[in-house]
Each structure stands twice: as structure tokens, then as C-alpha cells.
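Let's take a walk through this one together. Have a look at the sequence and the fold before reading on.

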Amino acid sequence: MARRRGVAAAVAAAATSPALVAAVSLMALVYYYTVFVLLNHWLGLGTTAGAAHAAAFSLLLAACFFSFLCAAAADPGSVPSAFSPDAEDPQGQGLKSRYCDKCCINKPARTHHCKDHHCVWINNCVGYANYKAFIICVLNATIGSLYSLVIFVCDLLRTEHDFSILYVKIIHILAGVVLFSLCLTIGSLLCWHIYLICHNMTTIEYREAVRAKWLAKKSGQNYRHRFDQGTRKNIQMIMGPNVFCWLCPTATGHLKDGTEFQNTNN
């Protein structure tokens, strides 16, 4: 079960989190190198094209950083104090609450401890209440990394560089490796979570589903995840019913308390 987390606590914890500081520092480094080194050398920040690219990249990074702060500072969700387990789910779905021997309380279905879904890069758990902000942050980071890589390639191919100077060669090699690695890793993470969202799964539920699929196939049956409502409803459950608010990390009015989920096996 996730703990309650306030903004003041998040800021205090950030100061003692090397991974979070490293993530913010990397964002700042990529921004500086992309705008003030690559764009300035390729197009010039004084030109219309250069200023337009700089403004677009700045806006993208600002959106990424804002969603990052939302994911890091938000309460990921916790079991409501008024939660009272029933022998059977009130909706008749057969989802029983579980008793946690560590916390000595009952916890709803799909509930796990912080250590099971903690992200060191935001120094916070990724839970029901801040998952949308986390996804938006990963999306913006992926687009920003690709954008920066494209600018890097354009600058490399369309302008002259004196690679006979050793430090120039080293900087470009390191920058290319870092940007390509960011695109690959963050892009892979985004694809993975898009898959999970489209199937209404958590990472833990995916691991459980692998075995369930194997058992179903072995017995000649078809398996479907019990919380899978179809791609459209699954996406709306996380991002919200209004498509125009999907990219707003603070638009979470559609979220409930996270103790009840519709079951397709009903």
C-alpha cells in the first residue's frame, strides 16, 4: 500500500535522492546541449527557424518537467481509512480483499506495497493516482529525446565540424551515444506501458497473466485478463474520458479511490 505524500515531503526527499537529482540534471543537460549548442550551431538562435525549434523544444521540456514533478510529488494512492472488506465484492464480481500480514490490515484487490512499484527516478511509487502523470512524463521524454536526436543528426550532416580536434570528436560521440540510448530506453518503456494500459494491466498482473495464459492454453481455453474492458475503455480509465485532457497530468477527476474495478469475468 502506498504512503501519503505531500509536496513538502517530496521536496525534502528529492534532496536525498541521487537518482532523482540525476534525472533532473540529465534533462537540464540535454536541453542546454540541444538548444544552445546544436541548434545554435546548425540554424542559429537568431534565425526564425532556429528560434521556432528552440521554442518548440523548450515547450516540450517544460511539459515533461511539469509532469515529472506531478508524478514525483503526488500521492500515488493508499487504502482509504474507511475501507471495509466484504466477504464478496459488492458488485458480485468475486474479488475478495486480501489480508496483509505486514500491515495487519485488509487491502483491496490490485493493491501492493510501495517496494513493488517504486520508481527511483521520481523517488516515489507509481500508483493508481499518479500513473497518468508518469505516463505523460515518459511520453514527453520520448518525444523530446527523439527531437534532440534529429537535431543532432541534422547538425552533424548539414554543417561542418572540425573533427581533427580531439575534444570535438569525443563530445559528439558521447552526445550521440547518450541521445540514442535515451531514445531506446525511454521509448521502450513507453511502448511497454502503452501495452499495459491497452490491456488494463499492471506489471505484476502481466507476470501473473503469462502463467494464466499458459494454463488456459494447456487446458484448451482462451485467456482474457479479468480487468480488460477493451482498448478504448482501458485508456479512458487511466487518461480520462475527455481526449483533450489526456496530456494534462493534473486532470485526474475521473479517478476514484482505487478499491473497485469492473471485472470482465462478471
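Is Asn200 buried or exposed? With a relative accessibility of 7%, Asn200 counts as buried, where buried means under 20% relative accessible area, exposed means over 50%, and partly exposed is in between (1.4 Å probe, protein chains only). We'll come back to Asn200 in a moment.

A few ground rules. This is a predicted model, in which local features need pLDDT of at least 70 and side-chain atom pairs count only at pLDDT 80 or more, while totals for chains, interfaces and linings use all residues. Residues are numbered from 1 along each chain as its sequence is written, and side-chain values use heavy atoms, with hydrogens and water left out.

Now the overall layout. The chain has 7 helices and 4 strands; these are DSSP runs numbered from the N terminus, with helices being H or I of at least four residues and strands being E of at least two. Of the 266 residues in the chain, 41% are buried.

In the model, residues 56-74 are 95% helix and 0% strand, with end C-alpha atoms 27 Å apart. Residues 133-154 are 100% helix and 0% strand, and their end C-alpha atoms lie 31 Å apart.

Next, the inside. The largest nonpolar core has 44 residues; a nonpolar core is a set of buried Ala, Val, Leu, Ile, Met, Phe, Trp, Tyr and Cys residues joined through side-chain atoms within 4.5 Å. Phe68, Ile122, Val126, Tyr131, Phe134, Phe152 and Ile197 touch the most other members. Two or more residues come from each of helix 2 (18-42), helix 3 (48-73), helix 4, helix 5 (166-198) and helix 7 (231-239). Helix 4 is the top contributor to this core, giving 12 residues.

Stay with helix 4, which spans residues 131-158. Ile136 lies in this helix and is buried, with a relative accessible area of 1%. Its C-alpha atom is 9.7 Å from that of Phe66, although Ile136 and Phe66 are 70 residues apart along the chain. Leu157, also in helix 4, is instead exposed, at 68% relative accessible area.

Back to Asn200, which sits in the loop between helix 5 and helix 6. Its phi is positive, about 55°, although Asn200 is not a glycine. Asn123 is buried, with a relative accessible area of 16%.

Ile204, Glu205, Ala209 and Ala216 are buried in helix 6. After helix 6 comes Gly220, with a positive phi near 75°.
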